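Dear colleague,

Please find below the structure that I am handing over to you. My notes on what was found in it follow.

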Amino acid sequence: MSDFPNKTEFNRFRKHRFVNEKRLKSYPAAKICRLAISQELKGQHIGEFLADSIKKFFLADNKTGCRFLTVDAYAAAIPFYLKQKFVPLTVEDEGAETRLLYFDLNDIAD
């Protein structure tokens, strides 16, 4: 909730973005802290493989209870995460050095 100026703004965001009849106060998430491959291996889809593997890990029997994956992506990495279907959480950090993105694990089709 610290990304919002007040609880009301958080609730407005949650209501529009995460429709849920229980209206949870928070959603369980795991943060990807550092994901990188060497320059020599770029173009071999290893990053895509790793991102897909992370998503599948959190879906396998959902023992973690996580609903979202989040990442504070460096500006240069944002296009990669957008291709992986991560979505910016807010517009306030647009153009910043890093941007908070999230992926809803419920969006993965089996």
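In what order do the elements of the protein run from the N terminus on? They run α-β-α-β-α-β-β, and there are three helices and four strands in the protein. Helices (H or I, at least four residues) and strands (E, at least two) are DSSP runs, numbered from the N terminus.

Please note that this is a predicted model, in which local features need pLDDT of at least 70 and side-chain atom pairs count only at pLDDT 80 or more, while totals for chains, interfaces and linings use all residues. Residues are numbered from 1 along each chain as its sequence is written, and side-chain values use heavy atoms, with hydrogens and water left out.

The sheet

The four strands form an open sheet of mixed pairing, in the order β1-β2-β4-β3; two strands pair if DSSP finds at least two bridges between them. At the edges are β1 and β3 (87–88), each of which pairs on one side only. The strands β1 and β2 run parallel and are joined by four bridges. Ala 30 stands opposite Leu 69 in β2, and Lys 31 has Thr 70 of β2 as its bridge partner.

Of the 110 residues in the protein, 31% are buried.

Thr 70, in strand β2, counts as buried because its relative accessibility is 15%. Leaving aside neighbours within four places in sequence, Thr 70 is in contact with Ala 29, Ala 30, Lys 31, Ile 32, Leu 100, Leu 101 and Tyr 102; contact means heavy atoms within 4.5 Å. Across the protein, residues 24 or more positions apart account for 58% of the contacts with a separation of 6 or more.

The nonpolar cores

In soluble globular proteins, nonpolar side chains tend to be buried together. A nonpolar core is defined as a set of buried Ala, Val, Leu, Ile, Met, Phe, Trp, Tyr and Cys residues joined through side-chain atoms within 4.5 Å. The largest one has 13 residues, of which Leu 69, Val 71, Tyr 81 and Phe 86 touch the most other members. Two or more residues of this core come from each of β1 (29–32), β2, α3 and β4 (98–104), and β2 gives the most, with three residues. A second, separate core of five residues includes Tyr 27, Phe 68, Leu 89 and Leu 100.

With neighbours within four places in sequence again left aside, Leu 69 is in contact with Ala 30, Ile 54, Lys 55, Phe 58, Phe 86, Leu 101, Tyr 102, Phe 103 and Leu 105.

The largest pocket

The largest pocket has a volume of about 690 Å³. Of its 26 lining residues, the closest to its centre are Leu 35, Ile 37, Lys 42, Ala 77 and Phe 80. The elements that give two or more residues to this lining are α2 (46–59), β2 (68–74) and α3 (78–83). By class, the lining has 15 nonpolar, six polar and five charged residues.

On a 1 Å grid over the protein atoms alone, a cavity is a set of points where a 1.4 Å probe fits but cannot get out, and a pocket is an open set with protein on both sides within 12 Å along at least five of seven lines; lining residues have an atom within 4 Å of a point. Grid points are joined across faces, edges and corners, and a volume is the space filled by probe spheres set on the points. For the classes, Ala, Val, Leu, Ile, Met, Phe, Trp, Tyr, Cys and Pro count as nonpolar, Asp, Glu, Lys and Arg as charged, and the others, Gly among them, as polar.

Residues in the loops

Asp 93 lies in the loop between β3 and β4. Is this residue, Asp 93, buried or exposed? Asp 93 is buried, because its relative accessible area is 15%. Beyond its neighbours within four places in sequence, Asp 93 is in contact with Thr 98, Arg 99 and Leu 100.

Most residues other than glycine have a negative phi. His 45, in the loop between β1 and α2, has a positive phi near 65° and counts as exposed at 57% relative accessibility. Lys 85, in the loop between α3 and β3, has a positive phi near 75° and is exposed, with a relative accessible area of 62%.

With kind regards

Technical notes: Buried means under 20% relative accessible area, exposed over 50%, partly exposed in between (1.4 Å probe, protein chains only).
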